Amino acid sequence: SLKFKGEVFIEVDSFSYFYTPHLIYEDDGSTETVSFLNVPAQRIELYDLTSSKLLKTINYDLQGTNGVGINPGGFLIHTIDSIFILDKRTGQVSLINQGGGLIDKYDLIPNGINKGHAFPIAKTESPIFFDYPNLILTGALLPWPNYKVEERVILTYNIERKKLKYRMER
């Protein structure tokens, strides 16, 4: 559970958009950071919580050769050159580098959204995890046509074999 540690004010510019369903807090022992998707600016912003300064921006494309999809949602900065971004609309996860170059794309809904597969979800309280070679997300069974959540599931996607498994969360 979250615990209140204090307040931090971060510098934002006129291109920063802070309504985000997905914040990532990290503490590597020497630096505390928070990062979030700035969807309108098409970038991930990484802030140092001690200095309140912007450390890095990672730009990405929505469409085209390096496109991550038109509705980016959750993300995970595994390393600076290994960044996963979930497209909430298609259920695809793109792996990009710090320059926004597309490395690979993984389809977590291989038969389409109306075919009975679990739909991946990524947000602050349901983050993406990566334990090589497995990408792990929470998800939900959203049966067509009402799209009402019936079951919560854990999705495990092996990026080497491009194989998806999911199990019911109990």
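Me: Is lysine 162 buried, partly exposed or exposed?
Reply: Happy to start there, keeping in mind that this is a predicted model. The relative accessibility of lysine 162 is 41%. Buried would need a value under 20% and exposed one over 50%. Lysine 162 therefore counts as partly exposed.

Me: Which residue does lysine 162 meet in a salt bridge?
Reply: The two side chains come to 3.0 Å, N to O, and the cut-off for a salt bridge is 4 Å. The partner of lysine 162 is aspartate 104.

Me: How many residues apart in sequence are the parts that aspartate 104 and lysine 162 tie together?
Reply: Aspartate 104 belongs to strand β8. Lysine 162 sits in the loop between β12 (151–158) and β13 (163–168). The pair therefore ties together parts whose separation in sequence is 58 residues.

Me: In what order do the strands of the open sheet with β8 stand?
Reply: This open sheet is made of four strands, with antiparallel pairing. Its edge strands, each pairing on one side only, are β5 (72–79) and β8 (102–107). Neighbouring strands are turned against each other by 20 degrees on average, direction ignored. The order is β5-β6-β7-β8.

Me: Which residue of β8 stands opposite isoleucine 96?
Reply: Strand β7 covers residues 92–96. This strand pairs with β8 in the antiparallel sense, over five bridges. In β8, the residue opposite isoleucine 96 is leucine 102.

Me: How many salt bridges does the count come to?
Reply: One of the bridges here joins aspartate 104 and lysine 162. Another joins lysine 123 and glutamate 125, with the closest N and O atoms 3.7 Å apart. Including the one between glutamate 45 and arginine 43, the count comes to three.

Me: Is glutamate 45, which meets arginine 43 in a salt bridge, buried or exposed?
Reply: The side chains of the two residues meet at 2.6 Å, N to O. Arginine 43 has 13% relative accessibility and so counts as buried. Glutamate 45 has a relative accessible area of 0%, which is under the 20% cut-off. Glutamate 45 is therefore buried.

Me: What distance separates the C-alpha atoms of arginine 43 and asparagine 59?
Reply: Arginine 43 is found in strand β3, which covers residues 43–48. Along the chain, arginine 43 and asparagine 59 are 16 residues apart. Their C-alpha atoms are separated by 4.1 Å.

Me: With which residues is serine 126 in contact, leaving aside neighbours within four places in sequence?
Reply: Serine 126 lies in the loop between β9 (118–121) and β10 (129–131). Its relative accessibility is 6%, so serine 126 counts as buried. With those neighbours left aside, its contacts are Ile121, Thr138 and Arg152.

Me: What percentage of the protein's residues count as buried?
Reply: The protein has zero helices and 13 strands. Its accessible surface comes to about 10100 Å², of which 52% belongs to carbon and sulfur atoms. Of its 170 residues, the buried share is 39%.

Technical notes:
Residues numbered from 1 in each chain as written. Predicted model: local features only at pLDDT ≥ 70, side-chain atom pairs only at ≥ 80, totals over all residues. Heavy atoms only, no water. Pairing = 2+ DSSP bridges. Helix = DSSP H or I, 4+ residues; strand = E, 2+ residues; numbered from the N terminus. Axes fitted to C-alpha atoms, helices over the stretch in contact; angles between N-to-C directions. Buried < 20%, exposed > 50% of the residue type's maximum accessible area, 1.4 Å probe, protein only. Contact = heavy atoms within 4.5 Å. Areas by Shrake-Rupley, 256 points an atom, 1.4 Å probe, with all protein chains shown as cover.
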